[in-house]
Amino acid sequence: MEIQPLFVLSLLVYCVACERHSLRYFVTTTSVPIPGLPMFSIVGSIDDMPLGRYSSETGQAQPFYKWMEKKIKPEHWKEMNKIAQYFESYHKNFIGLLKALFNQTTENNILQVKLECELHNDGTINGGEEFGYDGKEIIVFDKKRLVFIPLTQEAQIITQRWNVNPGSAERHKALIEHHCIKWMKTYFSHGNNTLERKVPPKVKISDRQLDNAAKLHCHVYGFYPQTVIVNWVKNGVNEVYSEEVKQILPNPDGTYQVSVTVEVIPKDGDNYTCHVTHSSLDNTMIILWEPRRISTDNLVLGVIISIITVLAVVILAGVGIFIYKSFSVQHHKVSTEESKQSLESSSPTTLLNTS
């Protein structure tokens, strides 16, 4: 089962000032059967690690890991199953309403919803809910103001209906701040060996030389949990701005990786360091970029090799000229002898003697 999340940018944003845990659910509904994709599915992840799934094909909420199945009570999965079945029925009707609003009849349409809650170490709760249709974001739920915000003209009809019913916004807020947080605490209480482990990052520095500048790459990999701060610093005090997006990507082993690239114009006396801050480290890891320099020995060796190469070419050229001249002289002698013989054989005396 392969699901293409609509909210890719949301997955790539990471917290740079706090330690937190997140629980996300992606809900996907299709208007018609699509090969390889159930007509309804839910995929859950905790700190971007796969957690559980439900699909219209199985009709059952299933955990990804054996320890969840063994340690978490069956009543929890029964509760998740009822909730998933409710949303399956609701979203099938919802996608039909969207098709009518967008005046569509034959297209293969996809409705996607992302529900997310975050729990920070200081106890604060964050999160949200977003709705997408055919790859375009159409509705965002603002839980602070208890209002649904339309992002397209067609979505205004839906949000007007939801916003006049105050109970609707309250239920969505409770889903984020109460139910989602409760489920997260359940998973952490039983899986702390897996979910609360600390794996320190590894760092690799590389560079690419440009005409008058250099691109510095700081690749940080193999760390867990996901939250990390990575930046380049000039002369120990000035942070170097990077125009490239810092994307935290998952590894197959459950750890994460991120690369931060900056373009600089190195000058004598300047130094550049990559700073990595992670909860597994007691202090910020600082790695110095060391420009690649050509040593004196290597320079002398290069000059010697160049001289030897030039001498070899000159010698080979001289040998070639000598061979060519020798061949030309020998060829000239042979040609002269043949010409004399030819003249003698064709002289009048010879012809008379022959006749």
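This is a predicted model: local features need pLDDT of at least 70, side-chain atom pairs count only at pLDDT 80 or more; totals for chains, interfaces and linings use all residues.
Colleague: What is the volume of the largest pocket, and which residues lie nearest its centre?

Modeller: The largest pocket has a volume of about 750 Å³. Its lining comprises 33 residues, and Ile83, Tyr86, Phe87, Leu115 and Leu175 lie nearest the centre. Among the elements that give two or more residues to this lining are helix 3 (74-101), strand 5 (110-120) and helix 5 (166-190).

Colleague: How many residues of the lining are nonpolar, polar and charged?

Modeller: The lining of the largest pocket has 21 nonpolar residues, with 8 polar and 4 charged ones.

Colleague: How are helix 3 and helix 4 oriented to each other, and why?

Modeller: One begins with the angle between the axes. Angles from 65 to 115 degrees count as roughly perpendicular and those over 145 as roughly antiparallel. The axes of helix 3 and helix 4 come within 10 Å and cross at roughly 135°, so the two helices are oblique to each other.

Colleague: Which residues make that contact?

Modeller: Helix 3 contributes Tyr90, Phe94, Leu97, Leu98 and Leu101, while helix 4 contributes Ile157, Ile158, Arg161 and Trp162. By class, the residues of this contact are 8 nonpolar, no polar and 1 charged.

Colleague: Where in the chain do Cys117 and Cys180 lie, and what is the handedness of their link?

Modeller: Cys117 is in strand 5 and Cys180 in helix 5, 63 residues apart, and the pair thus links distant parts of the chain. The link is left-handed, with -75° about the S-S bond.

Conventions: Residues are numbered from 1 along each chain as its sequence is written. Side-chain values use heavy atoms; hydrogens and water are left out. On a 1 Å grid over the protein atoms alone, a cavity is a set of points where a 1.4 Å probe fits but cannot get out, and a pocket is an open set with protein on both sides within 12 Å along at least five of seven lines; lining residues have an atom within 4 Å of a point. Grid points are joined across faces, edges and corners, and a volume is the space filled by probe spheres set on the points. Helices (H or I, at least four residues) and strands (E, at least two) are DSSP runs, numbered from the N terminus. Ala, Val, Leu, Ile, Met, Phe, Trp, Tyr, Cys and Pro count as nonpolar, Asp, Glu, Lys and Arg as charged, and the others, Gly among them, as polar. Axes are lines fitted to C-alpha atoms, for helices over the stretch in contact, and angles run from 0 to 180 degrees between N-to-C directions. Angles under 35 degrees count as roughly parallel, over 145 as roughly antiparallel, 65 to 115 as roughly perpendicular and the rest as oblique. Contact means heavy atoms within 4.5 Å. A disulfide is a pair of cysteine sulfur atoms within 2.5 Å.
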